[in-house]
Structures are given as structure tokens and as C-alpha cells.
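Welcome! Please take a moment to look over the sequence and the 3D structure shown here.

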Amino acid sequence: MEGLKVSDANLVIYVHPSKSKKVSQAVLRELGAMLLKFDERFEGVLLAYEANIIDKSAKILSGVHPYFGVTIKAKLLLFSPKPNMLLEGKVVKLRQESIHVIVLGFASAVITDEDIRNEFKHRTKHGEEMFVSRANKHHVIKVGTMVRFLVKSFDEEILHISGSLVPSHTGSIHCLEKNSVEGSVTRSRKKTRDNDRESLLQDSVATDVNALLLNNDHQSKTKKQKTSRIS
């Protein structure tokens, strides 16, 4: 899935003097408070981190309420969706006018009816609403379906995504991957058949050439024998 990236960062974490005896725990607590929130410095939502304290001799900052400034080196896993990226999520709510999706268990996404391609038709079967493809009846989107969709926009403040199912390479992940595998197998079989035809053609040409050479050789020998008898 797109929208995920790993970033290296040098940070300064500010720790209260009362935590001076447990600096490592205080640093981890501060980093933990940053999880699942959009941070402009990183241009993304922090999902996970791995940090090492570089300067253990933290200095107290001047001010009315002094804090320790602890320098750390961290590796950050960030969620930073941009327009036209492909994301994946689970459908949690579906109506004729919209499909609601949860991405990575925390970010919400909505795909409105104007962003659902005409291939999909809304249906209700046994009280359950779903979108079914007119081209492939097995391509079904309903609550619980894992879908792949295109990002239109991302609201960083509320972590809300506006998505689209207009492109043909979006929809139910299971169906898309199944079609991809079947397409690959079909292309592979076609390539094998083409290779077989080419091989047969080459063999046939080679056989014809050999036959022609043998025939010419035979005619040449016969001609020589006739010439020898005449002389």
C-alpha cells in the first residue's frame, strides 16, 4: 500500500526535571504521546518509532519552568497519503450514497456515490447492502470487504480521507488480485502457445531447408555420375 514511508530524524525531546532519574522512560512517554497524530515536522502521521538517546548529558533549558533537552536519533514509520495514491482499507459501512472505510485501523475514509464508477450497481440482498460489478458478478463490495481506492484528499487535522473508486484498478482487493493472477496465467499460456508455434515454424522451415539441401546434393551426385559414364 502506498502512503507509508520510513524517515530518519534527529529530535530534541523536552523532559521535566522531575523525570531526570528516568530519562529513557520519559523520552519514550513523550514519543508515545505523538503516535497516531499528524506532525507537520514529519509531514505525516506517526505510526511507530525506534529511538536511541544520543546525548545522555541533557542540559536544563533556561526559563521559568526549566526542562531537560534530550537529543535522540529516531527511525519513524509515517502515514502520509497524497492525492492519486492507492490506499487499502476495510469497509465498515455501506449505503447507496457512500462507502465508509477504515485505513490502518485509525484513519477514516469515505467514497461518495459520485466517486464510484458506473460499473458498480447498488443492491440489497437478504437485507445486506452491497455494490456489485455489472462486468463481473463476483466483484462485490460490502461491509467487511477489503478495498483498494484512490486518494482524492486528506484532512490532516481530523485524519479523514476522501477517496475514489473511479479508476478500473480500484475495488475489492480479493477480486482485483484474482483477476491479476488469472490475467498473468492467460498471458503466460498465450506466450507459451506463441513460442510453441514459433518453434514448430522454425522446425518446419529447418526441415524444408534440410530437404532442399539433400535434394540438391542428390541431384548434384546424380549429375556427376551421368557425366562420368558419358566420359
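## About the model

This is a predicted model, in which local features need pLDDT of at least 70, side-chain atom pairs count only at pLDDT 80 or more, and totals for chains, interfaces and linings use all residues. Residues are numbered from 1 along each chain as its sequence is written, and side-chain values use heavy atoms, leaving out hydrogens and water.

Let's begin with an open sheet of three strands, ordered 9-10-11 with antiparallel pairing. Strands here are DSSP runs (E, at least two residues), numbered from the N terminus, and two of them pair if DSSP finds at least two bridges between them. Strand 9 (120-125) and strand 11 (140-142) each have a single partner strand, so one side of each is left without a neighbour in the sheet.

Strand 9 pairs with strand 10 (residues 128-133) over six bridges, in the antiparallel sense. Thr124, for instance, has Glu129 in strand 10 as its bridge partner.

## The nonpolar cores

A nonpolar core is a set of buried Ala, Val, Leu, Ile, Met, Phe, Trp, Tyr and Cys residues joined through side-chain atoms within 4.5 Å; buried means under 20% relative accessible area (1.4 Å probe, protein chains only). The largest such core has 22 residues, of which Ile99, Val101, Val103, Ile141, Phe149 and Ile161 touch the most other members. Strand 12 (146-155) is one of the elements that give two or more residues to this core, and strand 12 gives the most, with four residues. Apart from this core lies another, of 16 residues, including Leu31 and Leu76.

Definitions and conventions: Buried < 20%, exposed > 50% of the residue type's maximum accessible area, 1.4 Å probe, protein only.
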